[in-house]
Amino acid sequence: MENNKIEYEILRDILKISNSTLNLHERLNQVVEKIVNKMHVDAGAVYLMKKGGEALSLKAAVGLNPEMINGISLKVGEGITGWVAVEKTPLAVRDIFQDPRMKKFPGSGEEKYRSMISTPILFLGKCLGVINIWTIAEKEFTTDDLHLLSSIADGIGGSIRNAQLYLDATEQYEELVSLYDISKMLSSTLELQELIGMVTRKSTEFIGASGCMLHLLDGNDNLLKVKSMYGLYKNPEEISRTHLKLGEGTAGQVAAKAAPMMINKLSKDSENVLPMERIFSSLLCVPMTVKERVIGTLTLHDKKDAFGALVPFDKDDMNLLMALASQGALVLENAWNYERAERLFQENAQKANDFAILYEISNAMSTTMNLDQLLQIILKAVTFGGGLNFNRSILLLVNEKTNTLQGMLGVGPDSGEDAFRIWTEIGSKKMSFKEWIASVKASGHDRTSRFDHLAKGIRIPIEYGKGVLALTVLEKRGFNIRNAREDLRINPEILQKLEFESFATVPLISQDRVIGVIIVDNLYNKREITENDLRRLELFASQAGLAIENAKVYSDLEMAARSIRELQDRLIQSEKMAALGEMAASIAHEIRNPLVSIGGFARRLDSKLDASNPEKRYSRIIVKEVGRLEKVLQEVLAFSRSAEPMFSECNVITILEEALEVFEESFSESGIEVSRDFHDGIPTIHVDSNQIKQVFINLFSNAQHAMSKGGRLSVGCEYKEVEGEVMVYVSDTGGGISEDVITNIFNPFFTTKHTGTGLGLAITHRVVDAHGGDILVKNEPGVGVTFSISLPARQKQGAAIQEMDLSEARTSLKGKEIHHKGQEDFLDDKVKG
Ligand SMILES: Nc1ncnc2c1ncn2[C@@H]1O[C@H](COP(=O)(O)OP(=O)(O)OP(=O)(O)O)[C@@H](O)[C@H]1O
Ligand SMILES: [Mg+2]
């Protein structure tokens, strides 16, 4: 009776509770409280069956440790409660410690109770959970008690079922919402690596695994490679190093079959699983597919519940992960496509820009054939912001004669402030390269910078072991140097002044030959020099090399044209002179016979006339003037006859002394001091001694004329062993030759003297040529003249005679060249001599 009343009351209350809006947890709590109160027991609890029907979880309790709610999880069949769930029959136990089914849950608070009733909650024959009640004191529960609790359990069965359905629905709803959130988040970024990281993190968190890894299939080698790992992996390096073939390991099999795999009992001996995966106890791996094409896999390891305990993956997890994987695959594919499109776009834009710049630069380069201007334009292009955009650059050219690299030009700011000023200036004007070059040209020469000055001082031998610049030439390739101090072995002083830290070099190539080197650096903005920068610079350098070569060829051509013009002038001149000479010779011939008679008779007349005779004065004059005429005639004839030399072994110094002897008196009369510098060991040479003596006499005579008021005549002689030549120097202090006549002094009949014939140097030149020698003039206006004559110590006269005409032109030019440029060289020789 008592029990009937309680039953009625409890069921009524439970009905009330069930219809309330409370959540399942609250309802169960209230139900347990009701039961414990009404049935006068010490404790009560409700366990609910987990999804899958394999375990029970404590959901509400009175008299147990409240922290254990949701914490105690017992397998179906485990303990008294588990037994009841399997058998689906209620059970009363008088002393639970005596019961063999008893299982202790330390910390649950259960251990203080002795007697209990455990009843299954059934719904349509399925066990949804278990209700337990306990007493501290040992108690013999009656069948009525058992019956009462069973009725209550039956009463709440439906309610629990409904609540569970509701709970499942909400859970599913929540999952959907989170899935949606995740996919929204995934779509929010197109950064590939960020995305991949997000997929693994979200999958791990969402399903509650210990870790997640994402493999992507590399289209090039068809290998699966780990792109992201999330969670606690002990050996991340090893994992990311391990690339999987299709069919290899779990991921390989999943990718090959495009089907998911779930292993809940991994062990050391699991087959088809990589050794590094065997440390886990469970895994779930699903394919990532886009339009039925597998792009990778997503693997979760070791699922854990809210309490950190390992739990198996289930079908729901698989479905969830599949959903995540397909979402992830889609956004990854999008990101890829986006990235690819963007890269293509950027590459194309870059290329178009490169070509536009190169076009503009080559246009600018074609505006000039002036090498200096061209070099300026080239380096401006390298440093211009809209151009190649380096901070500084230096251009060096190969000097083939000395086999060195020579700094030609440096363009760049001298300091950071300078750089800033220039950049802001250019930036504010927004000039194109063309406009900028035009403005540079218009403003005349650029202000010379310290940098330019230093650049011009660079000289590097083109040899191995002389640093990167030499290597750039030798190996015909550019270098990108990160640490200048280790690599650039140019003059350390220059290096320090130029402050190179990192820099790049490229060869300037024209027709397969390296003609120079460009150095660039970014000292001021510290921008790294990329491979792309280097590629553009190389492209540009090949154009610049061609332009430089063109300009060089052009200036060479100009120079050649100039010397041809000069040569032509000389030829015309010497032809004129030859004709004049011939005419003079024939006139001389005509005059000779009458002159011989006149001379003969004049001398006879003179000897007949007494000194006191007033006519004697006239006869003297006639004799003297005829003598002069005879001398002129002799010289003219000597010149036009061009006598063949009579060679014999001679000592040059002896010849020099003989010639000096002729002038001994007249030199001292004019106050001319003679100094000799004759070296030892001068070999005898094969010459016509008379002709060579005449050469020296002509030179001394000219010197004497020039120094009529005194001076010093220096005569030197030395042997140049390497060249196999004997050199003779005749140097005076007679004030030199005036600039406007110097080019004519070797022409026959050119003279600046009243009494001269102008044949002295013409004859001298002809004789030296006939001996295969050379004659050079070094004129120092206001000081004096030095003639130097080289005579071959070995025989080669035959060849020289045939070359005479040509060498005449050459000698004249050479004389002029020395006069203009060769002063130092010549001075050196003179000092030595
Ligand atoms: N040592 C010299 N110093 C200054 N002028 C010189 C010297 N040698 C030659 N000249 C110039 O060169 C000209 C040509 O010299 P060259 O010996 O051919 O003829 P010349 O001395 O004038 O006449 P010639 O030698 O036939 O008497 C001279 O008239 C003179 O102007
Ligand atoms: Mg003379």
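At 3% relative accessibility, F667 counts as buried (under 20% relative accessible area with a 1.4 Å probe and protein chains only, where over 50% is exposed and the range in between partly exposed). The model is predicted, so that local features need pLDDT of at least 70 and side-chain atom pairs count only at pLDDT 80 or more, whereas totals for chains, interfaces and linings use all residues. Residues are numbered from 1 along each chain as its sequence is written, chains are lettered from A and ligands numbered from 1 in the order in which they are written, and side-chain values use heavy atoms, with hydrogens and water left out.

F663, with a relative accessible area of 7%, is buried, and F663 and F667 both lie in helix α18 (residues 652–670), 4 residues apart, about one turn of the helix; helices (H or I, at least four residues) and strands (E, at least two) are DSSP runs numbered from the N terminus. The structure holds 3 aromatic pairs, a pair being rings of Phe, Tyr and Trp (its six-membered ring) whose centres lie within 6.5 Å, with planes under 30 degrees apart counted as stacked, over 60 as edge-to-face and the rest as tilted. The ring centres of F663 and F667 are 5.3 Å apart and their planes are at 20°, so this pair is stacked, and ring pairs link F663, F667 and F700 into a cluster.

Strand β23 (residues 725–731) is mostly covered, 6 of its 7 residues being buried. Strand β22 (residues 711–720) is joined to β23 by 7 bridges in an antiparallel arrangement, and S714 has S731 of β23 as its bridge partner; two strands pair if DSSP finds at least two bridges between them. The hairpin of β22 and β23 has 4 residues between the strands, and in this hairpin G724 takes a positive phi near 70°. Strand β25 (residues 784–792) also runs antiparallel to β23, with 7 bridges joining the two, and the bridge partner of V730 in β25 is F787.
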